[in-house]
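Subject: Structure handover

Hello,

Here is the structure I promised to pass on. Please open it next to this message and follow along.

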Amino acid sequence: MKSFLRLPESRLNEVIQEILILMSGQDVLLLKGEMAAGKTTFVRKLMEVLGGRGAQSPTFALHQRYDIERFGITIDHLDLFRMNSDLELDGLGFWDFFEDSAEEFCRDSNEFSDFLGFESKVRHLVIIEWFEKMNLKHLPKNWKKIQLSISDSSNEGSDQRDYFLSVLD
């Protein structure tokens, strides 16, 4: 599955909806784009759509965790920009993000669908900015991998972005 959208940031919800519909419950969202392309802006908007708030760029912290308790959603947001080798992932506790929690949250899927306005199975999402710095073969096979490439397609003063979405095998 691949799709391409050219939209202003004000219509970012359309991209987010398409991604949330694709989700299987355990998903990795790989964000690609140059500095200031809108990757963290995308994460902030995603959090807002899911009923969360306060997303911050993990560039200096490397990792931010967001829990949307109302719906039992965990989002781990990583930025690998400052990483020199994927060997550094061990020190970050990266692989722990993919362990299934023993305590399964059971949410009212009708309430969640009503809140979103569409069906989504999102439960645990790992978002990785600058994923090019790691070997994707190390990611768990049972987690769905979705790539979103963001690029600035605007002229001076416009907020147009190109969004290219694909599901990886």
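This is a predicted model: local features need pLDDT of at least 70, side-chain atom pairs count only at pLDDT 80 or more; totals for chains, interfaces and linings use all residues.

**Strand E2**

Start with strand E2, residues 26-32. This strand is mostly covered, with six of its seven residues buried. E2 pairs with two other strands. Strand E5 (residues 124-129) runs parallel to E2, and six bridges join them. Strand E6 (residues 144-152) also pairs with E2 in the parallel sense, again over six bridges. Leu30 is a handy place to look. Its bridge partner in E5 is Ile128. In E6, Leu30 stands opposite Gln147.

**Aromatic pairs**

Searching the whole structure gives eight aromatic pairs. Take Phe94 and Trp95: their ring centres are 4.6 Å apart and their planes meet at 85°, so this pair is edge-to-face. The cut-off for that label is over 60 degrees between planes. Trp95 is at 28%, so it counts as partly exposed.

Phe98 and Trp143 form another pair. Their ring centres lie 5.0 Å apart with planes at 80°, so this one is edge-to-face as well. Where do the two residues sit in the chain? Phe98 is in the loop between helix H3 (89-92) and helix H4 (109-116), while Trp143 is in the loop between E5 and E6. The pair therefore ties together parts that are 45 residues apart in sequence. Both Phe98 and Trp143 are buried.

These residues belong to a cluster. Ring pairs link Phe94, Trp95, Phe97, Phe98 and Trp143.

There is also a charge over a ring. Lys133 lies over the face of Phe81, 5.3 Å from the ring centre.

**The second largest pocket**

How much space lies in the second largest pocket? About 160 Å³. The lining has 14 residues, and the closest to the pocket centre are Ala36, Gly38, Lys39, Thr40 and Glu129. Helix H2 (residues 39-49) gives the largest share of the lining, at three residues. By type, the lining divides into four nonpolar, five polar and five charged residues.

When you go through the model, I would take the topics in this order: Leu30 with its partners Ile128 in E5 and Gln147 in E6, then the ring cluster that includes Phe98 and Trp143, then the second largest pocket with Lys39 and Thr40 among the residues closest to its centre.

Best wishes

Terms used. Residues are numbered from 1 along each chain as its sequence is written. Side-chain values use heavy atoms; hydrogens and water are left out. Buried means under 20% relative accessible area, exposed over 50%, partly exposed in between (1.4 Å probe, protein chains only). Helices (H or I, at least four residues) and strands (E, at least two) are DSSP runs, numbered from the N terminus. Two strands pair if DSSP finds at least two bridges between them. Rings of Phe, Tyr and Trp (its six-membered ring) pair if their centres lie within 6.5 Å; planes under 30 degrees apart count as stacked, over 60 as edge-to-face and the rest as tilted. A charge sits over a ring if NZ of Lys or CZ of Arg is within 6 Å of the ring centre and within 35 degrees of the ring normal. On a 1 Å grid over the protein atoms alone, a cavity is a set of points where a 1.4 Å probe fits but cannot get out, and a pocket is an open set with protein on both sides within 12 Å along at least five of seven lines; lining residues have an atom within 4 Å of a point. Grid points are joined across faces, edges and corners, and a volume is the space filled by probe spheres set on the points. Ala, Val, Leu, Ile, Met, Phe, Trp, Tyr, Cys and Pro count as nonpolar, Asp, Glu, Lys and Arg as charged, and the others, Gly among them, as polar.
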